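I opened this notebook to record what I looked up, item by item, with the cut-offs behind each term.

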Amino acid sequence: MAELDVSEVITDPLFTSPVTLVKTGETYDEYGNPVWGDLMTSDLDAVVTSDMKTIERVPDALRRTGMILVRFMVDNAPENFRGVGYDAVIYRGRRFVVKDCADYSQFGRGFFRLICWPEDSNSAEPLI
């Protein structure tokens, strides 16, 4: 087991901000068509930082700005939340789509790190 334990920082109220984790899933409408929707939400405190990167794609000139990194303890994660599919984070009134979730359970008490993109710029096809 790795000896790095960041739990003191990740749980310190001086560094944390309130966020809402949104677990999404596929359901079906009255005609049997698949529809993605919010299945559950969970409020918790997390360390949220800016990614400080801008991604551009030409010729569309699509700019991805405002990416955030969200870190919270594994113990605080809602049951079955893994940051996959169309899961989201609501932070300061804006909704962000989880693009990557890393599980650092091997470090101290364990924590998750989510990379999130603003949902409003997610209307174009995803970048690779």
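**Conventions.** I am working from a predicted model, in which local features need pLDDT of at least 70 and side-chain atom pairs count only at pLDDT 80 or more, while totals for chains, interfaces and linings use all residues. Residues are numbered from 1 along each chain as its sequence is written, and side-chain values use heavy atoms, with hydrogens and water left out.

**Cysteines.** I looked up disulfides, defined as pairs of cysteine sulfur atoms within 2.5 Å. The count comes to 0 disulfides. Cys101 is in no disulfide, and the nearest cysteine sulfur, that of Cys116, is 8.9 Å away. I then checked burial, where buried means under 20% relative accessible area, exposed over 50%, and partly exposed in between (1.4 Å probe, protein chains only). Cys116 is buried, because its relative accessible area is 0%. Cys101 has 23% and is therefore partly exposed.

**Surface patch.** I noted a nonpolar surface patch of about 340 Å², made by Val9, Leu14 and Phe15. Patch residues have over 30% relative accessible area and no salt bridge; like charges are joined within 9 Å, and nonpolar side chains (Val, Leu, Ile, Met, Phe, Trp, Tyr) within 5 Å. A salt bridge is a side-chain nitrogen of Lys or Arg within 4 Å of a carboxyl oxygen of Asp or Glu. Accessible areas come from the Shrake-Rupley method with a 1.4 Å probe, and for residues only the protein chains shown count as cover. Leu14 sits in the loop between helix H1 (7–10) and strand S1 (17–28); helices (H or I, at least four residues) and strands (E, at least two) are DSSP runs numbered from the N terminus. Leu14 counts as exposed because its relative accessibility is 74%.

**Ser7.** I found Ser7 in helix H1. Ser7 has 7% relative accessibility, so this residue counts as buried. Leaving out residues up to four places away in sequence, Ser7 touches Met73 and Arg109, a contact being heavy atoms within 4.5 Å.

**Thr24.** Which strand holds Thr24? I located Thr24 in strand S1, and its relative accessible area of 7% makes Thr24 buried. Beyond residues up to four places away in sequence, Thr24 touches Trp36, Gly37, Asp38, Leu39, Tyr86, Asp87 and Arg95. The side chain of Thr24 reaches the backbone oxygen of Tyr86 at 3.0 Å. Thr24 and Val84 are 60 residues apart in sequence, with 8.8 Å between their C-alpha atoms.

Note on methods
Polar contact = N/O pair within 3.5 Å; in protein donor to acceptor, adjacent residues only side chain to side chain.
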